[in-house]
Amino acid sequence: MGEHIVSGEKGGFDKNAQKSFTLPSRYYTDEAIHQQEIRKIFQRSWLYVGHVSDLPEVGSYITEDIAGQPVLILRAKDNEIRAFFNVCQHRGHLLLSGRGKTGNRIVCPYHAWCYGLDGTLATARMTRDVADFDRADFGLKTIQHALVAGMIFINFDPNAKPEDGDLPAFEKTILGHLPEMPEYAAYHRFDFDITANWKVVVDNFSEGYHIPIAHPTLATLYNEKGGTSQVGKRYKFFQKTAKAGFGGFETKGDEPYMTWFLWPNLCLLSLPGSPQLIVLRISPNGPGRSLEHADIYSPSGAETPNLTAVTSLFAQMFNQEDIALVESVQRGLSSLGYDQGRYVADRENSWFSESGLHSFHQQILDDLSTES
Ligand code: FES
Ligand SMILES: [Fe+2]
């Protein structure tokens with residue numbers, strides 16, 4: 001392996017972005033690497049699943065398939081949010097599906113074992129003669145969760161702490177810019193089935209190098225110069241300012257255009273002229289596919305100035321442009337005609353270069369090199 005953690009046809013990955021070759025293409029196509037990412041990254045990191053407003057009342061629930069795991073999140077009788085594996089402890093049938101509201105009990109559709117909203121097994125039919133059967137041994141398996149500015153995160157690792165994912169610092173920056181986020185609700189949700197490895201999608205979000213070329217309209221929205229950034233252990237934040245009178249928006253100029261990235265798969269953006277937050281979650285779906293969920297939050301889930309324009313700029317324009325880009329890149333990465341390129345990173349580590357792309361890949365390699 002030499003001095004580099006990984007090498008490809010042209011050279012090695014280097015801690016210094018200016019000296020480094022990009023991740024070899026096998027990182028985007030190989031089933032074994034994909035499985036390691038699920039185990040070492042997704043099953044150990046804090047993963048966004050929704051917002052407290054998705055669970056308005058006792059019995060409200062959401063189910064999700066996250067990193068291959070069926071997950072159930074609900075509001076229990078004590079009004080607290082709980083997360084469980086959505087799996088019956090009798091013979092493994094899944095319990096609830098979709099989103100909705102359940103009564104006092106969760107009833108398994110297979111043999112009707114009944115669970116309380118706190119996950120305890122309340123009743124199990126015909127178990128009178130089952131030797132040493134103790135319902136207390138068959139409660140739902142819990143998953144730990146954390147609330148971050150009203151957003152719900154889970155972690156499959158029972159020993160993970162919110163600090164490991166930099167959640168307290170991340171929450172501080174969200175609340176610093178969108179203090180009402182805990183009271184927001186989803187205004188729109190979109191799902192995109194993308195034929196590209198999840199990292200290709202995050203890669204694309206990590207660099208502004210492509211924006212003037214691939215999103216000419218978006219590029220006219222903000223000022224090239226100025227802006228601020230903040231880089232934490234597991235998150236990054238960038239703020240630029242809007243130009244006045246962007247088409248379709250009533251911007252006066254200087255409204256903030258903000259983006260966040262939280263390890264490993266969460267990209268947030270707040271376009272200027274509206275107090276909304278677009279939350280993009282990119283989930284792996286095999287080595288060559290991913291699912292992108294976009295939740296657009298606004299105060300109380302209602303229309304606010306420019307929100308319709310923001311939603312259509314995002315959903316109909318630049319996200320579609322990005323999906324075409326990443327699907328093309330995946331085809332190239334899968335071809336015999338490509339293995340590695342170079343990071344176009346500047347000394348200032350600016351968002352307009354590929355420094356953030358390099359640091360995302362550094363984190364991937366660091367986490368993959370941990371013990372399983
Ligand atoms: S699998 Fe749930 S009751 Fe049998
Ligand atoms: Fe883009």
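Which residue in the turn of the hairpin between strand 15 and strand 16 has a positive phi? Gly273 does, at about 95°, in a turn where 6 residues sit between the two strands. This is a predicted model, so a caveat applies: local features need pLDDT of at least 70 and side-chain atom pairs count only at pLDDT 80 or more, while totals for chains, interfaces and linings use all residues. Residues are numbered from 1 along each chain as its sequence is written, and chains are lettered from A, with ligands numbered from 1, in the order in which they are written. Helices (H or I, at least four residues) and strands (E, at least two) are DSSP runs, numbered from the N terminus.

- In terms of contacts (C-beta atoms, placed from the backbone, within 7 Å), 18 residues of domain 1 meet 13 residues of domain 2.
- On the domain 1 side, helix 1 (31–42), helix 2 (167–177), strand 11 and strand 16 each bring at least two residues to the side that touches domain 2.
- Helix 2 gives the most to that side, with 4 residues.
- Sorted by class, that side of domain 1 has 13 nonpolar, 3 polar and 2 charged residues; here Ala, Val, Leu, Ile, Met, Phe, Trp, Tyr, Cys and Pro count as nonpolar, Asp, Glu, Lys and Arg as charged, and the others, Gly among them, as polar.

- Strand 15 (residues 266–270) is largely enclosed by the rest of the structure, because 5 of its 5 residues are buried. Buried means that 20 or more other C-beta atoms lie within 10 Å of a residue's own, exposed means 12 or fewer, and partly exposed is in between, with C-beta atoms placed from the backbone.
- Leu266, Leu268 and Ser270 point one way from the strand, Cys267 and Leu269 point the other way, and all are buried. In a regular strand the side chains alternate between the two faces of the sheet.
- On one side, strand 14 (residues 256–262) pairs with strand 15 in the antiparallel sense over 5 bridges, with Met258 bridging to Ser270. Pairing here takes at least two DSSP bridges between the strands.
- Strand 15 also runs antiparallel to strand 16, joined to it by 4 bridges, and Cys267 has Leu280 of strand 16 as its bridge partner.
- The hairpin from strand 14 to strand 15 goes through 3 residues. Pro264 is found in that loop, and a cis peptide bond joins Trp263 to Pro264, with omega at about 0°.

**Helix 6**

- Helix 6 (residues 307–333) has 27 residues and reaches 36 Å from its first C-alpha to its last, close to the 39 Å expected at 1.5 Å a residue; the expected span is 1.5 Å times one less than the number of residues.
- There is a bend of about 35° at Asn319 in helix 6, taken as the angle between axes fitted to the seven residues ending there and the seven starting there.
- Its buried residues include Leu307, Val310, Phe314, Phe318, Asp322 and Gln330.
- The buried residues of helix 6 pack against strand 11 (184–194), helix 3 (198–205), helix 5 (216–219), strand 16 (277–284) and strand 17 (290–299).

**A buried histidine**

- His358 lies in helix 7 (residues 355–368) and counts as buried because it has 25 C-beta neighbours inside 10 Å.
- Leaving out residues up to four places away in sequence, His358 touches Ala17, Ser20, Tyr343 and Ala345.
- His358 and Ser206 are 152 residues apart along the chain, yet their C-alpha atoms are separated by 8.9 Å.

- Strand 2 (residues 60–66) pairs antiparallel with strand 3 (residues 69–75) over 6 bridges and with strand 5 (residues 99–101) over 3 bridges.
- Glu64 has Val71 of strand 3 as its bridge partner, and Tyr61 has Gly100 of strand 5.
- Ala67, in the turn of the hairpin between strand 2 and strand 3, has a positive phi of about 50°.
- Asp132 is not a glycine but has a positive phi of about 50° too; with 5 C-beta neighbours inside 10 Å, Asp132 counts as exposed.

Note on methods: Two residues are in contact if their C-beta atoms, placed from the backbone, lie within 7 Å.
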